[in-house]
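Please keep the sequence and the model in view while reading.

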Amino acid sequence: MTGPSDPDRYDQFDEEDSPQYGGDRWAEGGFGDEDAEPRDESTDDPKTGDEPDRADEAASADDGSEERTAQEAVIARVLDEIRGGEAPDVVPAQSSVAGYAEFLAVEAALDRRWPETVMEPSLDRISALCDALGDPQRGYPIAHLTGTNGKTSTARMLDALLTEIGLRTGRYTSPHLQRATERINLDNRPITAEQYVAVYREVEPFVELVDSKAATTGDGAGPAMSKFEVLTGMAFAAFADAPVEAAVVEVGLGGRWDATNVADAHVAVILPIGLDHAEYLGDDVLGIAREKAGIIKEGSVAVLAAQDKAVAEVLIERCAEVGAQVAREGAEFGVRDREIAVGGQRLDLQGLSGRYDDVFLPLHGEHQASNAAIALTAAEALVGAGEAQPLDIEAVRQAFASVASPGRLEPVRGGQGVPTVLVDAAHNPAGATALATALRSEFRFERLVGVVAVLEGKDARGILAALEPVLNEVVVTTNGSPRAMDPDELGALATEVFGPDRVSVEPVLQQAIEEAGGLAEEAGDSGVGVVVTGSVVTAGEARTLFGKEPA
């Protein structure tokens, strides 16, 4: 495929789903291979069972340890400089300081590339990289997901299902909430910082080759690979190296020109399509649908969420054009019954191969029930399940019961005498509407206060208007993104929506959450809560403030 006729004009996309701030500024420790064997630090002498001689121990400690300590101190100071000196020590528990410093160095190198907010509509560079790597994306069946909202939650559910039925899986999603390693998952778990560095080093020479070729061809110097393109190549390579038996891949933006679309999906999942990134994608929802429909390939199975009639027609036309099989929510599959339960909901799902009842999903909201039906159907299509051979019901129940979706109506604090704090990554009006609906139907707050920080270019008024009916008050704030909306500007919009008596402005996120907690507590010490939302970045930073590990 070719790029635009004018190679010097590059389309820019404001991509909430791919924040450009990199590395791990906000992450906390405790990350790594949880199954690693602990190092034996016994002080017993293995020959005698007695404690070792203290003099020998001291001599051993002096042998190079002071030098290593000094080296780590220097690296730690460098890390502090990288973080700006204000973030906590974020070295994962099972990473060395030096190893984590290398991870941050890789992230810094990636951040010097085109950020994920800039995109040229071309698959040339990612195709060249994959070709140089031996086309790793062709080594395993792929479920490819696009849509306006719900991609990451659905990807996590699908990954859990495939893992539970015994497949080794890879999952590639964006954005990350706290740490870049969250994007590339093996066996339903994020790779470690060391694995991230290793796969980058593997693809780095081929990235440089593509860069050099782009710089010497065409009518002048072409662009180097973008950060998202390199990350996509890294994910495909990591999956091939594992190797995985199935991959779940989420688009970054759009579909047809997204770097992930270098892969030909066996199953294409189209989640609900609405307006988002309108300043870059436009406000023609049918044009957006055509762009997203580009992931439906010849001979694939298209799993289609419920859509507006005109959007559905666009998707069906694409399926007919390429000869894809179609499974439609509300026709071939869907949610037969849904009951709110403690900690989530109980579902009765209709899949392609039959009915799956008494399924507990520890996530809130009708939209998550729909995502579950879509994930189930995608899993069935990927493994070829049918009426004669449905998925094992107990495996399905176990998989859904194990699902977590960080930053999606996630409780991060609660208990007797303190306000419940929920975090949600809603960053457009459709997401905020789904959040408001779930808050109204599944929670019983006497008083609920919102903490909202939004990125520039987003429909902040639409987000606030969707939340207004369920919030008693709102505290507007900002987050650590360079694209964060000015809190005073956001406060002016909030005042128009909520009225002046229901709006506070606090520029520091942590203090905004504390202020919201105090406002909620004015109604007493029970039935009160705080919801932190407005952006993926806001959700990620809030998780870190409450000590939640990247997942």
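Axes are lines fitted to C-alpha atoms, for helices over the stretch in contact, and angles run from 0 to 180 degrees between N-to-C directions. Helices (H or I, at least four residues) and strands (E, at least two) are DSSP runs, numbered from the N terminus. The model is predicted, so that local features need pLDDT of at least 70 and side-chain atom pairs count only at pLDDT 80 or more, while totals for chains, interfaces and linings use all residues. Residues are numbered from 1 along each chain as its sequence is written, and side-chain values use heavy atoms, with hydrogens and water left out.

**Helix α3 against helix α7**

- The axes of α3 (residues 97-111) and α7 come within 9 Å of each other and cross at roughly 130°.
- That angle makes α3 oblique to α7, given that angles under 35 degrees count as roughly parallel, over 145 as roughly antiparallel, 65 to 115 as roughly perpendicular and the rest as oblique.
- Glu-107, Leu-110 and Asp-111 of α3 make the contact with Lys-227, Val-230 and Leu-231 of α7, where contact means heavy atoms within 4.5 Å.
- Three residues of this contact are nonpolar, none is polar and three are charged; Ala, Val, Leu, Ile, Met, Phe, Trp, Tyr, Cys and Pro count as nonpolar, Asp, Glu, Lys and Arg as charged, and the others, Gly among them, as polar.

**The eight-stranded sheet**

- An open sheet with mixed pairing has eight strands in the order β4-β3-β2-β5-β1-β6-β7-β8; two strands pair if DSSP finds at least two bridges between them.
- Strands β4 (189-190) and β8 (325-328) stand at the edges with a single partner strand each, so one side of each has no neighbour in the sheet.
- Helix α7 (residues 227-241) packs on this sheet and touches β1 (142-146), β2 (169-172), β3 (184-186) and β5 (246-250), its direction making about 10° with that of β3.
- Strand β7 (residues 301-304) runs parallel to β8 and is joined to it by four bridges; Gln-325 in β8 is the bridge partner of Val-301.
- Helix α11 (residues 366-383) lies across β1, β5, β6 (267-270), β7 and β8, and runs at about 165° to β6.

- Three bridges pair β12 (residues 410-413) with β13 (residues 420-423) in the antiparallel sense, and Glu-410 has Val-423 of β13 as its bridge partner.
- The two strands β12 and β13 form a hairpin with six residues between them, and Gly-415 in the turn has a positive phi of about 140°.
- Strand β13 also pairs with β17 (residues 528-533), in the parallel sense over four bridges, with Leu-422 opposite Val-531 in β17.

**Helix α13 against helix α14**

- The axes of α13 and α14 (residues 460-467) come within 8 Å and cross at roughly 10°, which makes α13 roughly parallel to α14.
- In this contact, Pro-429, Ala-432, Thr-433, Leu-435 and Ala-436 of α13 meet Gly-462, Ile-463, Ala-466 and Leu-467 of α14.
- Seven residues of the contact between α13 and α14 are nonpolar, two are polar and none is charged.

**Pocket and cavities**

- On a 1 Å grid over the protein atoms alone, a cavity is a set of points where a 1.4 Å probe fits but cannot get out, and a pocket is an open set with protein on both sides within 12 Å along at least five of seven lines; lining residues have an atom within 4 Å of a point.
- The largest pocket has a volume of about 770 Å³, a volume being the space filled by probe spheres set on the grid points, which are joined across faces, edges and corners.
- Its lining holds 35 residues, with Asn-149, Gly-150, His-367, Gly-431 and Ala-434 nearest the centre of the pocket.
- Helix α13 (429-442) gives the most to this lining, with seven residues.
- The largest cavity holds about 150 Å³ of space; Val-118, Met-119, Ser-226, Phe-228 and Glu-229 are the closest to its centre among 17 lining residues.

**Backbone details**

- The peptide bond from Ser-174 to Pro-175 is cis, with omega near 0°, and Pro-175 lies in the loop between β2 and β3.
- The peptide bond from Ala-242 to Pro-243 is also cis, with omega near -15°, and Pro-243 lies in the loop between α7 and β5.
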